[in-house]
Amino acid sequence: KIPTGCPLPKVSKVAMLPAGWAEHKDPNTGNSYFHNTGTGEVTWTRPVAPEAVAAPPPAPAPMAAPAMLPPGWAEHKDPNTGKPYYHNQATGEVTWTMPGGGGGMPMQQPMMQQ
């Protein structure tokens, strides 16, 4: 039993930061800010860990399109596998197979859904 008049210990209910983030204190205000050591991003808003099913990452900048791609198509690299995939910028279609009869294999699921 805790004696009356004794303060209870403070228990932090703050969620842990996602991997790569560090919390710092602004020396002028004493407010917390957060720094992503991998990307260099700095924010006043506490980052939250992604849920079990993460949203797909934003499409990387298109690589130089090979001459064989039809107009409107761009080649990208999957950041997880390094394999090329193809994005039709007009229709939003995404495929592992090079448009216009190139090699590759069909995607099992679209990489980008928006």
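Predicted model: local features only at pLDDT ≥ 70, side-chain atom pairs only at ≥ 80, totals over all residues.
Visitor: How many aromatic pairs does the structure hold?
Guide: The structure holds two aromatic pairs.

Visitor: Where do Tyr33 and Trp44 lie in the chain?
Guide: Tyr33 belongs to strand β2 (residues 32–36), while Trp44 is in the loop between β3 (42–43) and β4 (73–77). The two are eleven residues apart, and the pair links distant parts of the chain.

Visitor: Is Trp44 buried or exposed?
Guide: Trp44 is exposed, at 54% relative accessible area. Tyr33 counts as partly exposed, with 24% relative accessibility.

Visitor: And why is the pair of Tyr85 and Trp96 edge-to-face?
Guide: The ring planes of Tyr85 and Trp96 stand at 75° with centres 6.2 Å apart, so the pair is edge-to-face. Tyr85 lies in strand β5 and Trp96 in the segment after β6 (94–95), so this pair ties together parts eleven residues apart in sequence.

Visitor: Are Tyr85 and Trp96 buried or exposed?
Guide: Both Tyr85 and Trp96 are buried.

Visitor: What sits over the ring of Trp96?
Guide: The charged end of Lys83 does, 4.7 Å from the centre of that ring.

Visitor: Turning to Pro84, which residues does it touch?
Guide: Leaving aside residues up to four places away in sequence, Pro84 touches Glu75, His76, Lys77 and Trp96. Pro84 lies in strand β5 (residues 84–88) and is partly exposed, with a relative accessible area of 29%.

Visitor: How far apart in space are Pro84 and Met98?
Guide: Their C-alpha atoms are 8.7 Å apart, and the residues are 14 apart in sequence.

Methods: Residues numbered from 1 in each chain as written. Heavy atoms only, no water. Helix = DSSP H or I, 4+ residues; strand = E, 2+ residues; numbered from the N terminus. Buried < 20%, exposed > 50% of the residue type's maximum accessible area, 1.4 Å probe, protein only. Contact = heavy atoms within 4.5 Å. Phe/Tyr/Trp six-rings, centres within 6.5 Å; stacked < 30°, edge-to-face > 60°. Lys NZ or Arg CZ within 6 Å of the ring centre and 35° of its normal.
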